[in-house]
Amino acid sequence: MNSGTPTKPWTLLILWAAACWQLGQPALAAEVQPVLVGVNLPMTGQVAAFGQMTWTGMQIAHNMKPEVLGRPVKLVLVDNKSDNVETANAASRLVMKEKTVAILGPSTSSQVMAAAPVSEGNQVPLVSATATNPIVTQGKKYVFRVCFTDPFQGVVAARYAYDKLGARKAAILTDISQDYAVGLAAFFRKEFERLGGKVVVQAKCATGDQDFSAQLGTIKAAGPDLLYLPNYYTEDALVARQAQELGLKAPILSGDGADAPELIKIGGPAVEGLAFTAHFHRQSASSALGREFLTRYDQARASGQLKEELTGFHALGAESYLALVDAIARAGSTEGAKIRKALAGTKDFEGITGRINIGPDGNAVKSATILKAVKGKFEFVTTIEP
Amino acid sequence: MDALQQLINGLTLGSLYALIAIGYTMVYGILRLINFAHGDVLMVGCYLAWFASAQFGLPWWVSLAGSMALTAALGMLIDLGAYRPLRSAPRISALITAIGVSFFLENLGLVIFGGRPKAFARPEIFNELYHWGGLRVLSLSVWVPLITALILAVLLYVLYRTRLGMAMRALSRDLVTVRLMGIDTDRVVAATFAIGSALAAAGGIFWAMKYPQINPLMGIMPGLKAFVAAVLGGIGNVVGAMLGGLLLGLAEILLVAWMPELAGYRDALAFVLLIAFLIFRPQGLLGEKTT
């Protein structure tokens, strides 16, 4: 019934109940206290696939490294319902009530911006697996990420469009309610125009829109040779289908927000040939940790526990956990300020998607991959170094 | 040519709003209850049809009929559990209960079906593309207005040509008096909810065929838009709901097509229209003035 991950909302309820029960118990002096790590993810709502895939990856990573500083790590998951207000609430709950030492997640840029003030104000480091907008970490001391950023992703996409696809007249359809989409569209446009291409029309939509026929009608009239969709998977899939229905034949290029099995399930034949910039493909997992992660993922899939293809969200979810645990170990303490310092000094950490360096600005430097939907699967096209 | 295509796009969307709004407005017309759970009943209907066709491989019309029947039963169950105990309470209590039912169904959907969207298959008959000159029309877009008209005709027949319909219309005037006349009002109300819910399921299924993804929160926006459409047309008036739906669909598409820079305000447009109508023409296009 449920398409993929083992986590169902009632599992969250049980987890939550268990957490409450735990807090209600008098602490036994002899028992080792676990290190509580909060997880703030969209498990339901518009981008539920991101949250669920990321959570699956984190759980696998948690099994790989269940302890730090000689204490067990305990993950406390809260669903932010893909809603910015709920995301801020979830962050407050993790910090104030659950007393977690750090927070993993949220998934999207807008969500991280909503959660960031709580982390900043309480000195609780936040590590997002997948928020790519540059503003996410700007001017923040306690906000980190383990993925590349959109200025890089936009440039990669524009060069791929111009050089490899031979596009000269691009149309962009942006989801203006997502910071991610607005930012990525702008970075793509800048580079595409610098290369000599022209953006013939830039249309707008909003998260949750189902009908794009009006925008696509305008786009079709402008006659582009590329349609750039820097949005999330549901919108991308619906746009692709409606573009096909309206007879828009331009190839579609998208961003890492398209990287979910739903793109193919909903998009069907309409997304055939759709390419997107992504974080990861399994052949780029070359480190020891990466190979172990792949083995564990494949085992879980073979045993029927997991049902979907590995995506960048699984890998980055795992990576955010491993990078955080590594930082806590190096900090030698669960104090927020010390973890922060260790995180900011992450150097040559052999993660899952490759070697990670996190600068003082909180950003990781990483390569980008281009994937393409071919016959119902995401195929590897190329990797582009920063 | 492009303008014509946009008009077709608008009518396509509008007829879907109309289809959903008819059920919405019927329940209001008879019970004076704004059933905010309508959109969520629609969602349940979509999932039932999805299970029938994707899991059990039934043909689309069997899943449509089965889903409508089950959703009708759900409608009666909601009435029995949530609204009947409040029949004599002030109208506002029933309204608040409707919002409660709405939240309940949404969250129940999240628990049972999970938060990730499911792909809804479009049957072959609705998936054909017609080319007329430079225009492209999906066969679904041709069928939906026809189905809406058919449903409207059946509904009008039931309301104006059957004893049940007579009881419903009488009940809409004065529930207590109708009961004094020896009519089992609870049965009539249950029948109203059954019909309204079945219409919601039908509307939802065609919506899901056009926009082929379903999720537990999918009913919220179509539900609200159908409510706006019902008010534009004159709430309680089934023909008005159809007009209101078409008008709203056209207005939304033309706003995005002609004023692309305002595309983000598309949902706002629906509510601005709602407010404008409530201020300047509260009875809607076809509604009667209430005194």
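A nonpolar core is a set of buried Ala, Val, Leu, Ile, Met, Phe, Trp, Tyr and Cys residues joined through C-beta atoms within 7 Å; buried means that 20 or more other C-beta atoms, placed from the backbone, lie within 10 Å of the residue's own. This is a predicted model, in which local features need pLDDT of at least 70, side-chain atom pairs count only at pLDDT 80 or more, and totals for chains, interfaces and linings use all residues. Residues are numbered from 1 along each chain as its sequence is written, with chains lettered from A and ligands numbered from 1 in the order in which they are written.

Select Ala161(A) and Cys46(B): in the largest nonpolar core, of 220 residues, these two touch the most other members. Helix H8 of chain B (185-210) gives the most to this core, 17 residues; helices (H or I, at least four residues) and strands (E, at least two) are DSSP runs, numbered from the N terminus.

Next, show the seven-stranded open sheet of chain A, ordered S8-S7-S9-S10-S11-S14-S15 with mixed pairing (strands pair if DSSP finds at least two bridges between them). S8 (198-205) and S15 (377-384) of chain A are the edge strands, each with a single partner, so one side of each has no neighbour in the sheet.

Zoom in on S7(A) (169-175) and S9(A) (226-229), which run parallel and are joined by three bridges. Ile172(A) is opposite Tyr228(A) of S9(A).

Finally, select chain B's side facing chain A: 27 residues of chain B are in contact (C-beta atoms, placed from the backbone, within 7 Å) with 34 of chain A. H1(B) gives the most to that side, five residues.

Notes
A residue is buried if 20 or more other C-beta atoms lie within 10 Å of its own, exposed if 12 or fewer, and partly exposed in between; C-beta atoms are placed from the backbone. Two residues are in contact if their C-beta atoms, placed from the backbone, lie within 7 Å.
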